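The notes go from individual strands and helices to the chain as a whole.

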Amino acid sequence: SALSGAASGARRRRTRCRRCQACTRSECGECHFCKDMKKFGGPGRMKQSCLLRQCTAPVLPHTAVCSACGEAGKEDTVDSEEEKFSLCLMECTICNEIIHPSCLKMGKAEGIINDEIPNCWECPKCHKEGKTSKVRAELYSTILYCTLADQRSHHREKLERFKRMCLLERRPESSSSSSSSSESDSESDSDNSLRGEQGGGSSPSSSSRLAPRSQVMKRSPPAVPSPPRPIQMERHLVRPPPACPEPSCLPLDCGSAHVITRDVWLRVFTYLSQTELCVCMRVCRTWSRWCCDKRLWTQIDLSRQRSITPPMLSGIIRRQPVSLNLGHTNISKKQLMWLINRLQGEELNVSGCAWPAVSALCQAVCPCLKLLDLSRVEDLKDTHLRELLLPPPDTRTAHGEGRAGRFQNLTELRLSGLDLSDSSSRLLVRYTPHLRRLDLSHCANVTDQTVLALTSPLSPLRDSLTHISLAGCSKLTEQSVLLLRRCPSLHTADLRCCQLLPPEAAQLLSFPPHTTSSSFSSSVDGTLLKNT
């Protein structure tokens with residue numbers, strides 16, 4: 001097949017297109033792969049699809065990324081065909097390398113594009129070295145085999161249909177015979193008439209007596225088509241909910257129901273860890289469904305996982321967590337975009353991820369999101385933050401940008417360790433007006449101008465901020481402490497490790513007279529301001 005022509009690495013990466021003729025047809029039931037299947041009575045050891053169902057245009061999975069820049073295909077962001085080609089992922093049939101053509105820094109004419117398989121070519125490096133591929137020739141042989149097999153199957157169906165027609169025509173003539181032999185006589189007459197037509201007009205009875213046994217055509221039973229295959233969903237898609245409501249009790253093998261109901265079992269499951277819940281899911285199908293209840297998975301932590309696989313994505317969507325931690329993972333842009341469009345959670349942590357993957361947030365609107373952690377996202381700068389906070393194009397007014405951004409309902413934003421300047425504070429004031437907690441710790445370029453913008457009379461954050469962290473901001477002075485006095489709801493201001501602030505700077509912060517009481521504590525290495 002087209003998959004077998006490539007190396008084992010490409011065979012693992014490619015998936016079915018689910019659109020070609022081979023993907024939509026049913027099994028033939030005659031090839032050696034079908035005979036090995038358990039549904040046709042085989043042992044099921046080969047684990048291969050039918051020869052007629054081997055995809056002729058296998059595609060790259062959604063988890064594929066460029067080996068040079070680590071990003072997924074970006075052809076959807078441009079319009080021209082030339083730019084789409086330079087930004088799409090191409091897999092070499094010789095070295096199996098997946099890469100953007102623009103990342104190769106070589107001319108398009110130096111490679112050979114395979115028109116039969118999508119996202120497939122002979123890369124310029126292999127072509128320059130004189131290497132060749134056999135995928136094209138083997139693809140042609142596969143298409144030829146499938147065409148011949150279709151013709152043989154069509155001829156066999158025509159022959160069976162002709163035999164059934166002959167049976168229907170000869171059955172009325174044999175109706176005068178006895179009921180015990182009517183069916184056998186009609187079958188023999190139909191076979192003899194078929195042989196008489198082929199033998200030159202001799203009578204059916206004489207033809208059956210004169211013809212040798214080797215020339216007698218044996219009737220074969222009508223071909224029984226294999227049952228239609230159910231619609232296969234993509235690996236990362238979520239299964240639809242069952243048509244029937246969830247059972248309220250656990251059925252037992254004896255036919256009765258367990259004395260403990262579903263609600264009680266769910267209360268027991270709340271005391272188990274997520275690892276223990278996964279073990280319970282292996283007990284039976286009922287427990288497997290119950291243990292996926294979203295009330296048991298309010299928080300899912302996948303931080304520092306080496307890879308995010310499609311089963312993980314499917315499991316996340318099935319459980320619908322309130323808090324999802326993807327910090328320091330290699331999640332791709334397509335994976336994150338797929339998650340965002342299907343999640344209704346309130347907390348998302350993508351700290352430590354790469355900006356090309358986090359940029360998926362720029363193409364979605366998340367009104368349910370309350371907490372967003374962007375701490376130490378690689379290469380995130382002021383321009384990227386502006387692109388992230390700007391409202392979608394359809395919500396902008398005629399005179400400029402609308403006030404409501406993508407994350408207008410955020411109450412906590414963490415921007416620790418980013419290369420941000422004072423201009424980012426104006427974006428926060430304009431597009432996140434409901435922030436209560438803000439983390440700008442260890443942002444080296446943050447100065448007193450940032451605190452001035454956050455606490456200005458026109459800033460909605462002046463009244464909403466209750467917690468702010470400016471620890472490690474080495475450019476802050478005592479002026480920032482005076483500016484923080486403007487916030488009447490401020491409860492905690494973390495100013496530790498600020499080099500230009502003296503330890504006694506906590507005495508400069510005071511709150512409005514209507515505040516009941518205020519006390520302050522300072523640490524040795526800096527200042528931690530509290531209003532209790």
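In this predicted model, strand β1 (residues 90-92) and strand β4 (residues 120-122) are paired in the parallel sense over 2 bridges. Within this pair, Glu91 has Cys120 in β4 as its bridge partner. Strands of a sheet pair through backbone hydrogen bonds, and the pairing can be parallel or antiparallel.

**The sheet around β1 and β4**

- The order β2-β1-β4-β3 describes an open sheet of 4 strands, and its pairing is mixed.
- Strands β2 (98-99) and β3 (112-113) form the edges, each pairing on one side only.

- Strand β5 (residues 249-251) runs antiparallel to strand β6 (residues 257-261), and 2 bridges join them.
- Pro251 is the residue opposite Ala257 in β6.
- Between the two strands of this hairpin lie 5 residues, and Gly255 has a positive phi near 100°.

**Helix α12**

- Of the 10 residues of helix α12 (residues 310-319), 7 are buried, so the helix is largely enclosed by the rest of the structure.
- Those buried residues are Pro310, Leu313, Ser314, Gly315, Ile316, Ile317 and Arg319.
- Their packing partners are β7 (299-301), β8 (323-325) and α13 (333-340).
- After α12 comes Gln320, which has a positive phi near 50°.

**Helices α15 and α16**

- The axes of helix α15 (residues 382-389) and helix α16 (residues 423-431) cross at roughly 10° and come within 10 Å.
- Angles under 35 degrees count as roughly parallel, and α15 and α16 are therefore roughly parallel to each other.
- On the α15 side the contact is made by Asp382, Leu385, Arg386 and Leu389, which meet Ser423, Ser424, Leu427, Leu428 and Tyr431 in α16.
- Sorted by class, this contact has 5 nonpolar, 2 polar and 2 charged residues.

**The chain as a whole**

- The chain contains 19 helices and 16 strands.
- It has 532 residues, of which 43% count as buried.
- Among contacts in the chain with a separation of 6 or more, 62% are between residues 24 or more positions apart.

Key. Residues are numbered from 1 along each chain as its sequence is written. This is a predicted model: local features need pLDDT of at least 70, side-chain atom pairs count only at pLDDT 80 or more; totals for chains, interfaces and linings use all residues. Side-chain values use heavy atoms; hydrogens and water are left out. Two strands pair if DSSP finds at least two bridges between them. Axes are lines fitted to C-alpha atoms, for helices over the stretch in contact, and angles run from 0 to 180 degrees between N-to-C directions. Angles under 35 degrees count as roughly parallel, over 145 as roughly antiparallel, 65 to 115 as roughly perpendicular and the rest as oblique. Contact means heavy atoms within 4.5 Å. Ala, Val, Leu, Ile, Met, Phe, Trp, Tyr, Cys and Pro count as nonpolar, Asp, Glu, Lys and Arg as charged, and the others, Gly among them, as polar. Buried means under 20% relative accessible area, exposed over 50%, partly exposed in between (1.4 Å probe, protein chains only).
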